[in-house]
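Have a look at the model first, then read on.

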Amino acid sequence: MATFTVLQAPEFVSFQKGDWPVSGEKIPDLVALTMGFSVQEDLSWPGLQAGPLFQRPRANVLVVVRGVDSLALPQSVASYPLENPVPFTLDSVAETVHSLFAEDTPVVLQLAPSEERLYMLGKANAVFEDLPVTLQQIRARLSQDGSVLSSLPLNSLSRNAEADLLFLSEVQVLHDITALLQRHRHLAKDHSPDLYSLELSGLEELSRLYGPDSPQYRDATALLASVLQKFGQDVYGLYGNSSVVEVVTVKAFEAPLTRKSRSILESRQISNPGSPYNLAYKYNFEYAVVFNIVLWLMIVLALAVIAIAYNLWNMDPGYDSIIYRMTNQKIRMD
């Protein structure tokens with residue numbers, strides 16, 4: 001069964017250990033609540049308790065692993081079964097982060113290496129612009145010094161197989177993200193919360209090609225568990241023990257995810273030179289409120305104009321107007 005695991009969390013984000021299932025469609029709301037944001041519908045789930053009002057984590061990192069129901073993670077805060085594993089995105093959380101902290105330009109990074117899908121916002125445009133994201137770039141990175149091929153035990157995984165390289169490329173991206181964060185530690189010290197969303201599907205391809213009982217799949221599963229454990233610890237430490245790191249493992253989503261995304265070829269042109277922010281969302285959650293204010297104000301003004309025009313049309317100048325009253329013959333004689 002699919003699982004939702006909290007790898008790292010600060011003390012003021014209280015996850016309770018228990019066997020409470022969480023719905024896949026509620027993951028974005030759960031991420032928003034961990035970051036201290038409000039959601040449109042109350043989340044009646046006992047796994048997360050309300051924390052301090054004036055404390056929020058500096059970052060939230062969500063890693064979605066496709067192709068496996070659960071990973072043998074050595075250490076975790078809590079783990080919950082995931083029911084109704086439908087595809088989801090953190091676009092709503094990213095919009096909230098941008099709308100509340102637009103002046104601070106927070107880091108928003110959403111990446112799926114296997115699908116070459118990338119979205120960056122805020123300071124991520126400058127920090128992660130050199131991050132290898134296309135399969136061609138990542139494979140070139142694997143052949144360079146300091147790649148994961150020289151530091152991780154591959155066992156039955158091959159350096160030449162296409163599916164194996166896809167899996168190792170995702171491991172390389174995790175390594176490069178923490179390396180860039182270590183190089184730019186100032187990102188973790190500002191007042192704006194950062195959001196990371198990563199989707200890994202290398203295990204899914206290994207399971208399809210070799211089978212779930214193959215040595216390649218078993219070695220890759222064990223390798224990814226250790227890499228994710230270290231990745232969570234590194235990110236948690238870089239943000240001063242004030243970040244939430246979650247892992248969603250799902251064998252396969254129940255429905256395909258259809259969404260409009262930027263081409264990976266446009267990653268270099270994501271920054272808008274005419275604006276300090278890369279505005280990607282035209283819809284604002286306050287749109288309904290502003291629309292109702294403008295609508296009813298126009299209706300009230302229209303009724304007021306009609307009422308005034310009606311009264312002016314039926315007005316008796318001799319009795320209702322001070323101007324005509326002063327020109328009355330009787331008043332002039334007095």
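Y287, F291, L295, W296, I299, L303 and I306 make a nonpolar surface patch of about 740 Å². A patch here joins residues with over 30% relative accessible area and no salt bridge: like charges within 9 Å, or nonpolar side chains (Val, Leu, Ile, Met, Phe, Trp, Tyr) within 5 Å. Areas come from the Shrake-Rupley method with a 1.4 Å probe, and for residues only the protein chains shown count as cover. A salt bridge is a side-chain nitrogen of Lys or Arg within 4 Å of a carboxyl oxygen of Asp or Glu.

This is a predicted model: local features need pLDDT of at least 70 and side-chain atom pairs count only at pLDDT 80 or more, while totals for chains, interfaces and linings use all residues. Residues are numbered from 1 along each chain as its sequence is written, and side-chain values use heavy atoms, leaving out hydrogens and water.

## The helix behind the patch

Where is F291 found? F291 is part of helix α8, residues 287-313; helices (H or I, at least four residues) and strands (E, at least two) are DSSP runs numbered from the N terminus. F291 is partly exposed because its relative accessible area is 45%; buried means under 20%, exposed over 50%, and partly exposed in between (1.4 Å probe, protein chains only).

Residues 287-313 are 100% helix and 0% strand, with end C-alpha atoms 39 Å apart. An unreviewed UniProt entry places a "transmembrane region" at residues 287-313; such positions are given in the numbering used here, feature names are shortened, and annotations may be inferred rather than shown by experiment.

## Inside the protein

The largest nonpolar core has 54 residues, and V65, F128, F167 and L203 have the most contacts inside it. A second, separate core of 34 residues includes L62, F88, L90 and V250. A core is a set of buried Ala, Val, Leu, Ile, Met, Phe, Trp, Tyr and Cys residues joined through side-chain atoms within 4.5 Å.

Helix α2 (residues 91-100) is mostly covered, with 7 of its 10 residues buried. Among these buried residues are D91, E95 and H98. The buried residues of α2 pack against α1, β7, β8 and β9.

## Two loop residues with positive phi

N84, in the loop between β6 and α2, has a phi near 50°, a positive value in a residue other than glycine. N155, in the loop between α4 and α5, has a positive phi too, near 55°.

Technical notes: Contact = heavy atoms within 4.5 Å.
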